[in-house]
Amino acid sequence: MNKPLSNSTAALKKINIELVKTSLKNLEYGTKSSISQATGLSVATCGNILKELLVTGEVLEVSHEESSGGRPARRFRYNENYGFIGCIYISLKNDIRWVNYRVTNLRGEKIEEDIITLDHITYEEIDVFIDQLIKKYNILAIGIGIPGVVYEGVIGICDIPELANINLGERLKEKYKIEVTIENNMNLTVYGIYKHHKKGTSVAVVTFIENSFPGSGIIVDGNILKGSTKFAGEVSFLPFDMSREDQLKNLHKKERFIPLAAKTLISIIAIINPQIIVLTGGLCKPEYVDDIYNNCLQIIPKEHIPNISYIEDIHNDYMQGLLSTTLESLAYRGTLMLKQN
């Protein structure tokens, strides 16, 4: 069944607006002609869109381009401070809840960043924190990273029990009328590694944190592998022939950690066959990487073993993934689908 013409026209206009904004974000400034060349849209269409964006303030006009004769071309630039986004990720260490946050403008440039600690963290505390950010900045979108499974905005299995079974995304979106993205911490981390390092199209990150079950984030062909219920990457549920409680105990012993970590990687390699695997977390050490590699080599032929490396501090990669995902939430979905296809 074909969509009504009015809907198709509105969708096309949104896509065109997004193309113009994206081209300007990538330029110091642009003219109607240069934006037309970058987007493939007509000069007239670009002019009409720029006129609308000037009214809202999302685009600014700068001094005219010098002319060698004739009328000088008008120049425009994207107003990166038209609005802001808030990126928040919550983690647990030694029974302390850590809240890392960053506020950026619409180019992803950092405006404010800090870390706070809490004894408990509930919906109400997250709500109060976001309310403070919104009162301080013109926040257009919020992204939240959670150490747990997130399905349709609802937090399921979670390292922070008081957040389990909370429909965090919809509640915040309904209250503040802004874009709200809730995502698993490992999915965000692997996306940050993928975006930051730009190495390969298939990447996996596996984390081994003290007093927590391991988890992983996986990108295949440039897309985060989430699964039908967003459960993909929950590697602690692999059949290790032991209870999860015993698994957690063994992960804290070096002589048992290395074979367990290797079995985890072997499963990922056999099923996903990534180009890169990044190990992280306090239970894993840089000096373990060679032993883990050699354990994998006992099962997996050498030519199929990916580059295995270790990153001690994933904060920047995690935040990069959260930042990228939150910025993308502001883009019209039709444009994203067009770019992927």
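Predicted model: local features only at pLDDT ≥ 70, side-chain atom pairs only at ≥ 80, totals over all residues.
## The chain as a whole

The chain is built from eleven helices and 14 strands, and its C-alpha trace spans about 75 × 50 × 45 Å along the principal axes. Of the 341 residues in the chain, 46% count as buried. When contacts between residues at least 6 apart in sequence are considered, 62% of them join residues that are at least 24 apart.

## Helix H3 and the cysteines

Helix H3 covers residues 43-56, and with 14 residues at 1.5 Å a residue it should span 20 Å, which agrees with the 20 Å that separates its end C-alpha atoms. The buried residues of H3 are Cys-46, Gly-47, Ile-49, Leu-50 and Leu-53. As a general point, an α-helix has 3.6 residues a turn, so residues three or four places apart point the same way. After H3 comes Gly-57, whose phi is positive, near 95°.

Another cysteine, Cys-284, also counts as buried, at 1% relative accessibility. A disulfide would need two cysteine sulfur atoms within 2.5 Å of each other, whereas the sulfur of Cys-284 lies 11 Å from the closest cysteine sulfur, that of Cys-296, which is too far for a bond. By this rule the count of disulfides comes to zero.

## A five-stranded sheet

Five strands form an open sheet with mixed pairing, and their order is E12-E11-E10-E13-E14. Strand E12 (223-224) and strand E14 (307-310) stand at the edges with a single partner strand each, so one side of each is left without a neighbour in the sheet. In general, strands of a sheet pair through backbone hydrogen bonds, and they do so either parallel or antiparallel.

Both senses can be followed from strand E10, which is joined by five bridges to strand E11 (residues 215-220) in an antiparallel arrangement, and by five bridges to E13 in a parallel one. Strand E13 (residues 276-280) in turn pairs with E14 in the parallel sense over four bridges, and here Val-278 stands opposite Ser-309 in E14.

## Why strand E10 is enclosed

Strand E10 (residues 203-207) has five of its five residues buried, so it is largely enclosed by the rest of the structure. Both of its faces are covered, with Val-203, Val-205 and Thr-207 buried on one side and Ala-204 and Val-206 buried on the other.

## Helices H7 and H8

Two packed helices are described by the angle between their axes and the distance between the axes. Helix H7 (residues 244-251) and helix H8 (residues 254-272) pack at an angle of about 115°, and their axes are 7 Å apart. The contact is made by Gln-247, Asn-250 and Leu-251 from H7, together with Arg-256, Phe-257 and Leu-260 from H8. Sorted by class, this contact of H7 with H8 has three nonpolar residues, two polar residues and one charged residue.

Terms used:
Residues numbered from 1 in each chain as written. Heavy atoms only, no water. Helix = DSSP H or I, 4+ residues; strand = E, 2+ residues; numbered from the N terminus. Expected span 1.5 Å × (residues − 1). Buried < 20%, exposed > 50% of the residue type's maximum accessible area, 1.4 Å probe, protein only. Pairing = 2+ DSSP bridges. Axes fitted to C-alpha atoms, helices over the stretch in contact; angles between N-to-C directions. Contact = heavy atoms within 4.5 Å. Nonpolar A, V, L, I, M, F, W, Y, C, P; charged D, E, K, R; others polar.
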